[in-house]
Amino acid sequence: YKVLHNAILIGDLDKMYIPPKLGKTDDLVENQILAEKKLADFLKVDKGQSLLELGCGSGAIAMSMHKFTQCKITGLNIDQATISKGMAKLKKADNNDVTLKYQDYNAILQLEDNSIDGVYEIQALTFSEDLPGMMRELYRVLKPGKRLAILEGCLLDAFDKRKHLSGKRLWELRGVIAAGAL
């Protein structure tokens, strides 16, 4: 994570993910915005409700999601230095609706049962040590009938990396693109 985060700083990027191509543009930032809008629409939340982001980094995606939803957003991340940078950006933007907290989402979440109106994550499940356990925790904190939005890369069971050149490249690059758990 820290290697990837430092790479983004060198590239002067705020967000640490490559989205699917959703528009007619090849521009990375434009496609990130389109992906975040699509996630926000999928969550079907109302202004003032609560969202939880796993692996929030410095909060750049949370700030974007706030623009689309007008929700109160709590972002969880495991790197305190990154959270501090994000908190400074939030203070400068006078944004009191986004909160960034240190929390290893592999542990029990420090949230009440049925307290969140929506959960989203973008390429953060890679860092899950117990995916079924994490899903149980998200189910616990998510209000009944509310939604979880996941933007991840995955390999299907039938995928054979030995038969596909692109699969070989993907497998070799998985650590660099934060896809170690593929």
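The legends below describe several views of a predicted model.

In this predicted model, local features need pLDDT of at least 70 and side-chain atom pairs count only at pLDDT 80 or more, whereas totals for chains, interfaces and linings use all residues. Residues are numbered from 1 along each chain as its sequence is written, and side-chain values use heavy atoms, with hydrogens and water left out.

View 1. Helices (H or I, at least four residues) and strands (E, at least two) are DSSP runs, numbered from the N terminus. Along the sequence these elements follow the pattern α-α-β-α-β-α-β-β-α-β-α. Of the 182 residues in the protein, 41% are buried, where buried means under 20% relative accessible area, exposed means over 50%, and partly exposed lies in between (1.4 Å probe, protein chains only).

**View 2. Five strands form an open sheet with parallel pairing, in the order E3-E2-E1-E4-E5.** Two strands are said to pair if DSSP finds at least two bridges between them. Strand E3 (98–102) and strand E5 (142–151) stand at the edges and have a single partner strand each, so one side of each is left without a neighbour in the sheet. Direction ignored, neighbouring strands of this sheet are turned by 20° against each other on average; for such angles, axes are lines fitted to C-alpha atoms, for helices over the stretch in contact, and the values run from 0 to 180 degrees between N-to-C directions. Strands of a sheet pair through backbone hydrogen bonds, either parallel or antiparallel.

**View 3. Strand E2 is joined to both E1 and E3.** E1 and E2 run parallel and are joined by five bridges, and Leu-54 has Leu-76 in E2 as its bridge partner. From E1 the chain crosses through helix H3 (residues 60–69) to E2, in a β-α-β crossover that is right-handed; this term applies if, with the strands pointing away from the viewer, the path from the first strand over the helix to the second runs clockwise. E2 and E3 also run parallel with five bridges between them, and the bridge partner of Asn-77 in E3 is Tyr-102. The β-α-β crossover from E2 through H4 to E3 is right-handed. E2 itself is mostly covered, with five of its six residues buried.

**View 4. Helices H2 and H4 lie across strands of the sheet.** Helix H2 (residues 28–43) lies across strand E1 (50–54), E4 and E5, and runs at about 160° to E5. Helix H4 (residues 80–92) lies across strand E2 (72–77) and E3, and runs at about 165° to E3. Contact here means heavy atoms within 4.5 Å.

**View 5. Strand E4 pairs with E5, and Gln-123 lies in the loop between E4 and helix H5 (131–141).** Strand E4 (residues 116–122) and E5 pair in the parallel sense over six bridges, and Ile-122 has Leu-151 in E5 as its bridge partner. Gln-123 counts as buried because its relative accessibility is 18%. Although Gln-123 and Ile-150 are 27 residues apart in sequence, they are 7.8 Å apart in space, C-alpha to C-alpha.

**View 6. Two cysteines, Cys-56 and Cys-71, are buried.** Cys-56 has a relative accessible area of 4% and is therefore buried, while Cys-71 counts as buried at 0% relative accessibility. A search of the whole structure finds zero disulfides, a disulfide being a pair of cysteine sulfur atoms within 2.5 Å.
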